[in-house]
Amino acid sequence: MGKPSVRSPLLGYNHNVRYGGRILHVQTEDSGPANPHLFTHLFFEGSILATKRSQYDPEEPEEAVRALMQQQHKDILKDLKHGLFDD
């Protein structure tokens, strides 16, 4: 098994979204190949309302990890749009 690459964590994604008359913040971040996890948090007024977490192979090319980040970020936005966090 190869040694994980030495790249830094990828820059994440941040969006403010108006939903139900409120401004929510969605943030996706990469922990880097030494701890290959992606986290997406949905915030309201500084509190985390929901989190999605996924793992990836540390040997994945940067472009593949970026695509996973984009998809996870879009997925939580879609879940929000479909009312999954309305409670």
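The largest pocket is lined by Tyr-19, Gly-20, Arg-22, Leu-24, Phe-44, Leu-49, Leu-80, Phe-85, Asp-86 and Asp-87. A pocket here, on a 1 Å grid over the protein atoms alone, is an open set of points where a 1.4 Å probe fits, with protein on both sides within 12 Å along at least five of seven lines, and lining residues have an atom within 4 Å of a point. About 190 Å³ of space lies in this pocket, the volume being the space filled by probe spheres set on the points, which are joined across faces, edges and corners. By class, the lining has 6 nonpolar, 1 polar and 3 charged residues; Ala, Val, Leu, Ile, Met, Phe, Trp, Tyr, Cys and Pro count as nonpolar, Asp, Glu, Lys and Arg as charged, and the others, Gly among them, as polar.

Two notes on the source. This is a predicted model, where local features need pLDDT of at least 70 and side-chain atom pairs pLDDT 80 or more, while totals for chains, interfaces and linings use all residues. Residues are numbered from 1 along each chain as its sequence is written, and side-chain values use heavy atoms, leaving out hydrogens and water.

Now the chain. Its elements run β-β-β-β-α from the N terminus; helices (H or I, at least four residues) and strands (E, at least two) are DSSP runs, numbered from that end. Of the 87 residues, 30% are buried, meaning under 20% relative accessible area, with exposed over 50% and partly exposed in between (1.4 Å probe, protein chains only).

Next, strand 3, residues 37–44, which holds Thr-40. Is Thr-40 buried or exposed? Thr-40 counts as buried because its relative accessibility is 0%. Its side chain makes a polar contact with that of Gln-72, at 3.0 Å. Such a contact is a pair of N or O atoms within 3.5 Å; within protein, one must be able to donate a hydrogen and the other to accept it, and residues adjacent in sequence count only if both atoms are side-chain atoms. Beyond its neighbours within four places in sequence, Thr-40 is in contact (heavy atoms within 4.5 Å) with residues including Val-26, Ala-50, His-73 and Ile-76.

His-41 has Thr-51 as its bridge partner in strand 4. The two strands form a hairpin with 2 residues between them.

Glu-45 sits in that loop. Most residues other than glycine have a negative phi. Glu-45 is not a glycine, yet its phi is positive, about 50 degrees. Glu-45 counts as exposed, because its relative accessibility is 70%.

Technical notes:
Two strands pair if DSSP finds at least two bridges between them.
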